[in-house]
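Reader: I'd like to learn how to read a few backbone and packing features from a model. Could we go through them one at a time?

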Amino acid sequence: MSRKLLLEHINVPGINTLEVYRQKGGYRAVEKALKTLTPEEVVEEVKKSGLRGRGGAGFPTGMKWSFLAKPEGVARYLVCNADESEPGTFKDRYLMTYIPHALIEGMIVSSFALGAKVSYIYVRGEMMPQIRILEKAIAEAKAAGWLGKNILGTGYDLELYVQPGGGAYICGEETALLESLEGKRGNPRIKPPFPAIAGLYGCPTVVNNVESIAAVVPIINDGGDEYAKIGIGRSTGTKLISASGNLVKPGVYEIELGLPVEEFIYSDEYCGGIANGKRLKATVAGGSSVPVLPANLTLKLANGEPRLMSYESLSEGGFATGTMLGSGGFIAFDEDQCIVRNTWNFSRFYHHESCGQCSPCREGTGWMEKILHKIEHGHGTMDDVDLLWDVQRKIEGNTICPLGDAAAWPVASAIRHFRDEFEWHIKEPVKSQSQNYGLANYATPIEKAPVTEEQ
Amino acid sequence: MLKVEEQTPVTFSSELLAKFDEIKSRYPEGKQKSALLPLLHLVQAEFLWVPTSAMDQIAAYLNIQPIEVYEVATFYTMYFLKPQGKYALEVCRTGPCCLVGAEKILSHLENKLGVKEGEVTPDGLFSFRGVECLAACGFGPVLQISPEYTFYENLTPESVDKLIEDLKNK
C-alpha cells in the first residue's frame with residue numbers, strides 16, 4: 001500500500017466533523033505553524049517539499065508564494081480554486097465532501113504564511129452540497145477558535161468565506177476566477193500583471209487549487225524534507241488521481257507519484273483493470289485538455305521503458321509521444337469507444353465554455369466542433385482532417401488564457417495518434433454510423449529498444 | 001435578448017434581504033459587487049429562475065448598473081432566464097459520462113417526460129437539459145436537480161424512472 005497523506009482517514013466515520021477530524025490529528029498543522037513558525041518559515045517548508053500546483057499547471061507552490069508582493073498597508077488575499085470543472089477531474093469534490101476540514105486547515109496555514117486576513121474558497125456553483133458542507137465546517141472551526149480574531153492567542157486574525165461560482169469552466173483559470181469573485185463575467189485578464197502583484201481587488205493575491213492547499217497540512221506536520229522524499233525526481237509527494245471511463249473501479253485514488261501507469265490501471269489496489277473484460281484502447285491521463293494517447297504509449301514510453309504517473313514521465317516524448325499529468329483526471333477508453341466521437345464531444349465542451357474574448361478560441365472551437373460533428377456523422381471529406389489540424393494550430397498559443405490550448409491539444413493528439421480512425425470514418429460513412437473502428441493496432445506493445453554493444 | 005415574458009415582477013422578502021446583507025458583509029468596503037453571483041443564486045433558489053425585475057432590484061441593492069447584472073446572469077450557465085420546471089434536471093453530457101451511457105440517459109428522459117430539452121412538462125414539475133462536466137466523472141452518468149442541487153450518481157434508465165416517480169409523489 002502506498003502512503004496516504006490526504007485520504008488516510010477518508011473511511012473514518014464522522015471525519016467530516018471537527019471533533020473526529022481533531023481526534024485524528026487535525027489542526028496540528030495550524031498549532032505548529034501559528035505557534036512555532038514564522039510565515040517565512042512556512043513558505044520555506046512548502047518550497048522544500050517540492051509541492052507543485054495540483055490544479056493542472058504543476059507550477060511549484062512555494063515559488064508561487066514567494067512571488068507574492070508585500071507592499072505596506074495593502075491587503076493580501078489567498079483564494080482557493082475549487083472551481084473543479086476539467087472533464088475527468090473530480091478529486092476536489094471528493095476531498096471537500098468527505099474531509100472538508102483538511103481544506104480549511106490548509107487554508108488557515110497557507111493564509112498565515114501569506115499574511116492574508118481574509119481568504120475565499122471559490123467553489124463552482126454546481127457544487128451547492130459541497131458549499132453547504134464547507135460552510136458548516138467553517139462555522140464549526142470558527143466556534144472552536146480556529147478562525148476569527150486572535151487565533152490560538154497568537155494575534156493572527158483570519159476570516160474565511162465560501163464563494164459560489166455561476167457555472168463556467170473558464171473560472172478555473174485564475175484571473176477569470178478573480179474577475180468572477182469580483183462579481184463580473186469570467187473573462188481572463190491579460191498577464192502581466194500576475195495576481196501575485198495585482199489580483200483580487202488589485203491587491204497581491206495567491207490562487208491555489210484545493211489539493212495543493214490540503215497538501216500543505218502534511219507538509220507542515222512532517223516537514224517539507226519528509227514530503228519531498230515521497231515520489232520521484234521533481235514529482236514529489238502524493239497526488240489524487242480521478243479515475244473514470246471504462247474501468248472496473250473508477251474513483252479517486254491517492255498515489256505516490258512515480259507509480260507505473262500499468263499498475264495504476266490494472267492492479268486491484270487501484271482501478272482493477274478495464275471493465276467488462278474489454279481491452280484498453282486509449283487514455284487521457286490528466287483531464288480532457290491533455291493529449292489523448294493510444295494504449296501502447298500510455299503504458300510505455302516510445303523507447304519501451306514503462307511510463308510512470310509523474311509530471312516528467314507522462315510528458316516524456318513531448319506531444320509527439322507523451323501527454324501531461326495535468327489535474328490528474330485519468331480517463332480510460334475501452335476498445336468499443338470511438339475516438340472521433342469523443343474528440344467531438346470534448347470540442348463541443350470547449351466551444352460551450354469559451355468565454356468569447358479571443359477570436360481564435362471563440363470561433364476556432366466552434367469550427368472544430370462543426371468539422372468533428374461532420375466527420376463523426378458520416379459527412380466528412382479527407383480535406384476536413386487537414387482543415388481540423390490547421391484550425392487547432394491557429395488557436396494554440398494565440399489566446400489570452402490557456403483555454404485555447406486546452407481546446408487544441410485533444411484535437412491535435414487525436415489526429416496525431418488516431419488519424420486512421422478519422423480516415424476510416426470518411427471512407428466508410430455508412431459503416432461508421434453503426435460500427436466502431438475498434439482497437440486496431442493502438443494496443444500493440446512497444447518493444448524495448450535493443451541494447452547495442454557499440455558505443 | 002430579455003423578452004417580455006421574462007419581466008415578471010417579484011418582491012424580495014425581508015428574510016431574503018437579510019441573507020443579502022450577510023453576504024454583502026463578506027467583502028471589503030466598496031467591493032459589494034462581489035456579492036452578485038451569490039445573490040443571483042439566492043434569488044433563483046427563491047423564485048426558481050431569475051426574472052429581469054429581480055436583476056434590476058439586485059442592481060439597486062448593490063448600487064451597480066442593471067447591465068452589470070444582466071451581463072453576469074447571461075454569461076454563467078446556472079442562471080435560468082426563463083421559468084423552469086419545479087425540478088430542473090441537469091444531466092452531464094461530457095466525455096467521461098458519455099463513455100458510460102449519459103447519452104442514453106438524456107434520450108430516456110426525453111421519452112419519459114415527453115418534452116424536449118429545455119421545455120417544461122405541462123404539469124410544471126419537470127424540465128431537463130444536458131450540461132457540461134459536473135466533476136463526478138467516476139460515478140457517471142450523473143444528474144443534479146436545482147435549486148438544491150441534489151446529486152444522483154451511477155444512473156440507469158431504471159433509476160431515473162424511480163427518481164421521477166419519487167419526485168412526482170413528493
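Reader: Is A440(A) buried, exposed or partly exposed?

Author: A residue is buried if 20 or more other C-beta atoms, placed from the backbone, lie within 10 Å of its own, exposed if 12 or fewer, and partly exposed in between. A440(A) has 14 C-beta neighbours inside 10 Å, so it counts as partly exposed. This is a predicted model, in which local features need pLDDT of at least 70 and side-chain atom pairs count only at pLDDT 80 or more, while totals for chains, interfaces and linings use all residues. Residues are numbered from 1 along each chain as its sequence is written, with chains lettered from A and ligands numbered from 1 in the order in which they are written.

Reader: What is the phi of A440(A)?

Author: Most residues other than glycine have a negative phi, and most peptide bonds are trans. A440(A) is not a glycine, yet its phi is positive, about 45 degrees. A440(A) sits in the segment after helix 19 (431-434) of chain A; helices (H or I, at least four residues) and strands (E, at least two) are DSSP runs, numbered from the N terminus. In chain B, L48(B) also has a positive phi, about 70 degrees, without being a glycine. L48(B) lies in the loop between helix 2 (36-47) and helix 3 of chain B, and with 17 C-beta neighbours inside 10 Å it counts as partly exposed.

Reader: Which residues does a cis peptide bond join in chain A, and which in chain B?

Author: In chain A, P192(A) and P193(A) are joined by a cis peptide bond with omega about 0 degrees. P193(A) belongs to the loop between helix 8 and strand 5 of chain A. In chain B, the cis bond joins S146(B) and P147(B), with omega about 10 degrees. P147(B) is in the loop between strand 3 (143-146) and strand 4 (150-152) of chain B.

Reader: How do helix 3 and helix 4 of chain B cross?

Author: Axes are lines fitted to C-alpha atoms, for helices over the stretch in contact, and angles run from 0 to 180 degrees between N-to-C directions. The axes of helix 3 (residues 52-62) and helix 4 (residues 66-75) of chain B come within 8 Å and cross at roughly 125 degrees. That makes helix 3 of chain B oblique to helix 4 of chain B: angles under 35 degrees count as roughly parallel, over 145 as roughly antiparallel, 65 to 115 as roughly perpendicular and the rest as oblique. Helix 3 of chain B contributes M55(B), D56(B), I58(B) and A59(B) to the contact, and helix 4 of chain B contributes P66(B), E68(B), V69(B), Y70(B) and A73(B). Residues are in contact if their C-beta atoms, placed from the backbone, lie within 7 Å.

Reader: In what order do the strands of the open sheet in chain A lie?

Author: Two strands pair if DSSP finds at least two bridges between them. Five strands of chain A form the open sheet in the order 3-4-2-1-5, with mixed pairing. Its edge strands are strand 3 (148-151) and strand 5 (205-209) of chain A, each pairing on one side only. Strand 1 (residues 77-82) and strand 2 (residues 118-123) of chain A run parallel and are joined by six bridges. Within that pair, V79(A) stands opposite Y120(A).

Reader: How many residues does each chain bring to the contact between A and B?

Author: Chain A brings 45 residues and chain B brings 35. Helix 15 of chain A gives the most to chain A's side, with six residues.

Technical notes:
Contact = placed C-beta atoms within 7 Å.
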